[in-house]
Amino acid sequence: MIRATTCGRRAFLLGLTAFATHLVLSRNGTGATVAWRPEGSPFGLGVASGSPTHDGFVLWTRLMGENLPTDQDVLVDWEVFEPDDPTRILAKGATAALAQLAHSVHAEVAGLAADRWYGYRFRLGEWVSTIGKARTLPQAGTPARIRFAYASCQHWEHGFYAGYRHMLAEQPELVLFVGDYIYEYASSTSAFAVRHHQLPAARTLDDYRARYAIYKSDPWLQAMHAHCPWLVIWDDHEVENDYAGLHSLYATEHFAKMRAAAYQAYYEHMPLRPSTMLAGVEGLLRGQELRIYDRVAFGRLATFHLLDCRQYRNVAVDKSRSMLGFPQEQWLDEGIGECTRQGVHWNLIVQQNRITPANYPSGAGKNASVDRWDGFHQSRERLIGSLVRHRPRNTLIIGGDIHQNWVARLHRDPYDIRSPVVASEFVGTSITSHMGRSQKEAERHAAQNPHTLLVNTEKRGYGVVDLTPERAEVALRVLDDPRQEDSGITTLARFVVEDGQSVRFATNQ
Ligand code: FE
Ligand code: CA
């Protein structure tokens with residue numbers, strides 16, 4: 001964080017009038033804002049961008065600091081400028097950091113040019129945030145390529161975020177984060193923890209806020225957020241292990257209230273649009289739906305279908321059983337159909353778990369874990385039905401949750417490898433979260449699941465995908481040791497999906 005060395009605020013604003021700027025004043029709150037003069041930088045949790053469209057994105061930060069007025073909103077200025085030249089301002093505005101949302105800022109920037117990088121930063125009084133970069137998306141046509149990374153499961157105590165340092169060096173244009181951004185557990189007492197946050201298990205809004213503040217204090221996580229927009233979905237640990245809808249595995253008392261607090265804290269710390277709160281801040285505070293499932297199109301090269309496999313999950317043992325809930329299933333079916341009509345080259349099904357079977361020999365309906373798609377085979381059949389009916393050109397599935405790398409083919413009949421392949425799936429691993437399962441045991445398991453191309457339980461890391469109209473190249477990147485801040489990285493394996501084909505192993509370099 002740097003202290004602004006320009007002259008006073010008035011002179012600064014006057015100096016801007018020579019530029020073509022547009023002023024946006026977005027206020028989610030209704031109350032008047034208060035002038036707050038922090039003693040130190042209020043931007044200690046960093047900056048982030050997300051929810052990109054062809055003409056804008058959401059810019060995020062959260063104010064922190066002593067004497068932050070707990071019940072009053074604070075107006076924060078933001079600027080969008082030419083990459084690498086903060087003096088060439090292209091848009092600016094002011095957005096209220098709402099006291100009731102932990103003084104988080106979700107500034108919606110619109111009216112920018114398509115398919116272009118921008119720099120941005122926030123200002124409050126004399127304090128200036130670090131500079132972040134964001135990009136708008138191509139509106140039409142088929143871009144020649146995109147590189148994106150995917151990651152999940154970043155237990156802060158289980159390792160350092162060396163993975164993000166390496167991811168940064170690979171310069172992805174988007175990051176897909178597919179869940180377990182935080183873990184709600186009490187501070188770990190286990191031998192493999194490398195750092196301790198000393199917090200109790202998260203239950204209340206203040207608990208979840210404190211947890212995000214710890215995680216977001218990490219400099220490499222901050223650097224990765226500042227580098228490019230993230231597309232984010234949650235899994236279970238943003239609330240409680242293995243929950244489903246309003247069902248707590250542990251029969252936790254007042255679970256609905258706890259979930260509402262956890263969802264609110266998630267919104268407060270992610271670069272999501274205010275419109276994800278379907279009934280505004282008041283609705284969010286009353287525990288209403290937070291609509292994080294979303295569709296993001298990168299021209300006609302790729303469409304990312306971001307799914308929410310937790311909020312609407314229904315574990316009833318009858319026709320109402322569903323992984324996504326019927327409205328979201330319908331929305332996904334329509335989206336896949338629309339992508340086919342528009343000639344989209346790559347459909348990305350971005351979700352939290354594993355869609356291909358783990359229980360191949362036992363078949364559908366048996367070994368029906370309610371924490372996996374295996375326990376929701378009707379939902380999986382309806383998804384496969386959409387893929388068969390709409391015949392999208394290519395479908396890739398991205399998943400997380402299990403802290404293991406699995407690469408597999410999804411067949412029209414997921415329990416018959418003689419049936420046509422309808423999608424290729426890449427799951428995991430984790431950025432840091434521990435996995436105790438032995439590689440030998442997993443290999444025995446994989447051998448009984450002949451749609452599987454790779455399993456690895458022992459490595460932490462992330463994936464990098466290079467997409468062109470002709471092919472997808474996927475590199476599984478793994479750390480030497482997540483317990484070392486300066487850990488090196490290697491490539492566990494590379495896979496290729498040629499246009500119109502299913503995934504195949506490329507090389508183990
Ligand atoms: Fe996890
Ligand atoms: Ca999980």
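1. Let's start with a term: a charge sits over a ring if NZ of Lys or CZ of Arg is within 6 Å of the ring centre and within 35 degrees of the ring normal. Here, the charged end of Arg354 does this over the ring of Trp406, 4.0 Å from its centre. Likewise, Arg195 has its charged end over the ring of Tyr161, at 4.9 Å from the centre.

2. A quick word on the source: this is a predicted model, where local features need pLDDT of at least 70 and side-chain atom pairs count only at pLDDT 80 or more. Residues are numbered from 1 along each chain as its sequence is written, and side-chain values use heavy atoms, with hydrogens and water left out.

3. Now salt bridges (a side-chain nitrogen of Lys or Arg within 4 Å of a carboxyl oxygen of Asp or Glu). The whole structure has 24 of them.

4. Have a look at Arg310. Which residue forms a salt bridge with Arg310, with the closest N and O atoms 2.8 Å apart? That's Asp235. Asp236 also forms a salt bridge with Arg310, and there the closest N and O atoms are 3.8 Å apart. Both Asp236 and Arg310 are buried (buried means under 20% relative accessible area, exposed over 50%, partly exposed in between, with a 1.4 Å probe and protein chains only). Asp235 is buried too, at 0% relative accessibility.

5. Asp115 and Arg135 make another salt bridge, with the closest N and O atoms 3.2 Å apart. Asp115 is partly exposed, at 40% relative accessible area, whereas Arg135 is buried at 6%.

Note on methods:
Chains lettered and ligands numbered in written order.
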